[in-house]
Amino acid sequence: MGKQYDYGNWIAQSRHDIPDFMIIGAMKSGTTTLHEMLNRHPDIAIPRGELFFFSQDDIAEHPNFASRDSHGLTGRASCEHYPDWAWYREQQKVATNARLCGEDSTTYLCSKRAITRIAMQPKPVKLIVMLRHPTQRAYSQYWHMVRARRALYSFDDTLRFMPQQLLSRSHYLSQLEWVYQHVPRAQVKVIQFETFIHHPQQVLDDVSDFLEIDRAKFPEDTFTMHENAINYRGF
C-alpha cells in the first residue's frame, strides 16, 4: 500500500458505530438492487446511497475528493487522519427499529485501505461481494460514465488511453485475495451477478442465511424488483 498509515483514528470507539454488514462491490454488479431488496426486510435498515466512509481518502477510488472537517483541515489528508465518526454514526440512525444495519459502498472491494480499516473494527462485519463477468462489468461502467458525462473517449479509446479507469474494478482475484487475507472467509459472501439476475429468490435465500434473518419476512414482490434495469440489458 506504499507508505504506512496510522490507522488508530479509524478504529471505532464502540461496536455500535459499525454496521453489521456491508455490500462492498463490485461496481455495476447489481449492488443497488440487492441494497433495495434487503432494505425491504423489516429487520434490516441501510442508509440511502453509498457512504464511501472507509475509502474516502483513497485517491485511486475518489480522485476528485475534497472536504473540510471540524479540525479546519481541507482535502484528503484531513479525513485520512480525522475520519468523521459523528457523521458515520448519523447515517446509521436509519436502523433505529431494525435488528441489523447495513452499508453499500462499491469502492470498498477495490480499496486495500478500506478493507484493512474494516477488518480492524471492534466487531466482525459481514461482507457481501457481487461479481459480474469482468468485460460486461467494464462495459456497463463505461456507459455509466457516459450518462454522468465523465467519459472523454469512445469505449475502445478509453481502454486504449485510460485502461485502469475501466479495468481496475474487474481485477477480482487480487481484490478477493486481499479481502480473505484480512477477513475470515465465514464473514464473506460472494454472489455472481448472473445468478442474481436469473434466480433472485435463490440468492436472497442464501443471503438471508448468511445474515441470519427470516427470509419469509420479505414482501412477496421483492423478488421481482429490478433497480438500474438498463444495466441488466448489457448497457
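Helices (H or I, at least four residues) and strands (E, at least two) are DSSP runs, numbered from the N terminus. Two strands are said to pair if DSSP finds at least two bridges between them. The structure described here is a predicted model, in which local features need pLDDT of at least 70 and side-chain atom pairs count only at pLDDT 80 or more, while totals for chains, interfaces and linings use all residues. Residues are numbered from 1 along each chain as its sequence is written, and side-chain values use heavy atoms, with hydrogens and water left out.

In general, strands of a sheet pair through backbone hydrogen bonds, either parallel or antiparallel.

β4 (residues 126–131) pairs with β1 (residues 21–23) in the parallel sense over 3 bridges. Phe21 stands opposite Lys126 of β4, and Met22 has Leu127 as its bridge partner in that strand. β4 also pairs with β5 in the parallel sense, over 5 bridges; here Val129 stands opposite Val190.

How many residues of β4 are buried? The count is 6 of 6, where buried means under 20% relative accessible area, exposed over 50%, and partly exposed in between (1.4 Å probe, protein chains only). Lys126, Ile128 and Met130 lie on one side of β4, and Leu127, Val129 and Leu131 on the other; both faces are covered.

Next come the helices. Axes are lines fitted to C-alpha atoms, for helices over the stretch in contact (heavy atoms within 4.5 Å); angles run from 0 to 180 degrees between N-to-C directions. Helix α4 (residues 112–119) has 6 of its 8 residues buried, so the rest of the structure largely encloses it. Among those buried are Arg113, Ile115 and Arg117.

Ser29 is found between β1 and α1 and is buried, with a relative accessible area of 0%. A polar atom of the Ser29 side chain lies 3.2 Å from the backbone oxygen of Ala26. Not counting residues up to four places away in sequence, Ser29 touches Met130, Leu131, Arg132, Arg137 and Phe193.

Notes
A polar contact is a pair of N or O atoms within 3.5 Å; within protein, one must be able to donate a hydrogen and the other to accept it, and residues adjacent in sequence count only if both atoms are side-chain atoms.
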